[in-house]
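Please look through the structure shown here, and then follow the paragraphs below, which go from a pair of helices to a sheet.

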Amino acid sequence: MTSSSRDFQLAVAKLIASPQLCVDVIRDEDPFFSNYDLTDRDKRRLHAVLRQKGISACCSLYRMNRVTPVYMQLANTSAILGDDLIPILEEFWKHFADTTLQYKAEVLEFGKFLMKKIKDGTVARPYLKEVLQMEVAINELSYLPEGEERTLTFAHDIIQVLASVHSSTLSTDLIEKCRCTYKLYMRALEIQIDLVHEENPLS
């Protein structure tokens, strides 16, 4: 593969990953084209690609393929984020553009990205950090052999938190505070969650 053809493919992939970029490049192609080693023929082909009706479908398919792993494997995290999920995902996609679209890597990288935003205060939602920690651990274990485990300690009853998320009552339910430590592990292809230690701060 020549440098030119490789850069052409990289440019197409970059455009498909961002509908807004497509709009910007249609307005002014030169700044984008200058980032790649493109022949005049490559530029003409990209010019044509940008104006095809199918480019919108390609962008939509790309976005769906990136939303699906997060929405499926971080379902409770997604529910807590609500309408803010997509804007945060779009920011993540810009940060982590070189994706392989593999579920494991996509969820792991998004988990790191979101956790950083939680820790620096950019994203603030009650119980979000604990739910994210739980779901990232479950996701990691699902790719590991039986015998692997994760131990997590929470400041609230995480089982009650998850139940409230499922019933859409998290904003109104009174979640008990407790220093609860759980062991997570895989058995017979099912995630097991065992309470190891519970310390009620009021006792």
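This is a predicted model: local features need pLDDT of at least 70, side-chain atom pairs count only at pLDDT 80 or more; totals for chains, interfaces and linings use all residues.

Residues are numbered from 1 along each chain as its sequence is written, and side-chain values use heavy atoms, with hydrogens and water left out.

The axes of helix 9 and helix 10 (residues 158–166) cross at roughly 95 degrees and come within 11 Å, where axes are lines fitted to C-alpha atoms, for helices over the stretch in contact, and angles run from 0 to 180 degrees between N-to-C directions. Glu 130, Val 131 and Met 134 of helix 9 make the contact with Ile 158, Val 161 and Leu 162 of helix 10, contact meaning heavy atoms within 4.5 Å.

Helix 9 (residues 128–141) also lies across strand 1, strand 2 and strand 3, and runs at about 170 degrees to strand 1; helices (H or I, at least four residues) and strands (E, at least two) are DSSP runs, numbered from the N terminus.

The three strands form an open sheet in the order 1-2-3 with antiparallel pairing, two strands being paired if DSSP finds at least two bridges between them. Strand 1 (149–156) and strand 3 (190–199) stand at the edges with a single partner strand each, so one side of each is left without a neighbour in the sheet. From one strand to the next, the twist averages 25 degrees. Strand 2 (residues 177–187) and strand 3 run antiparallel and are joined by nine bridges, and Thr 181 stands opposite His 197 in strand 3.
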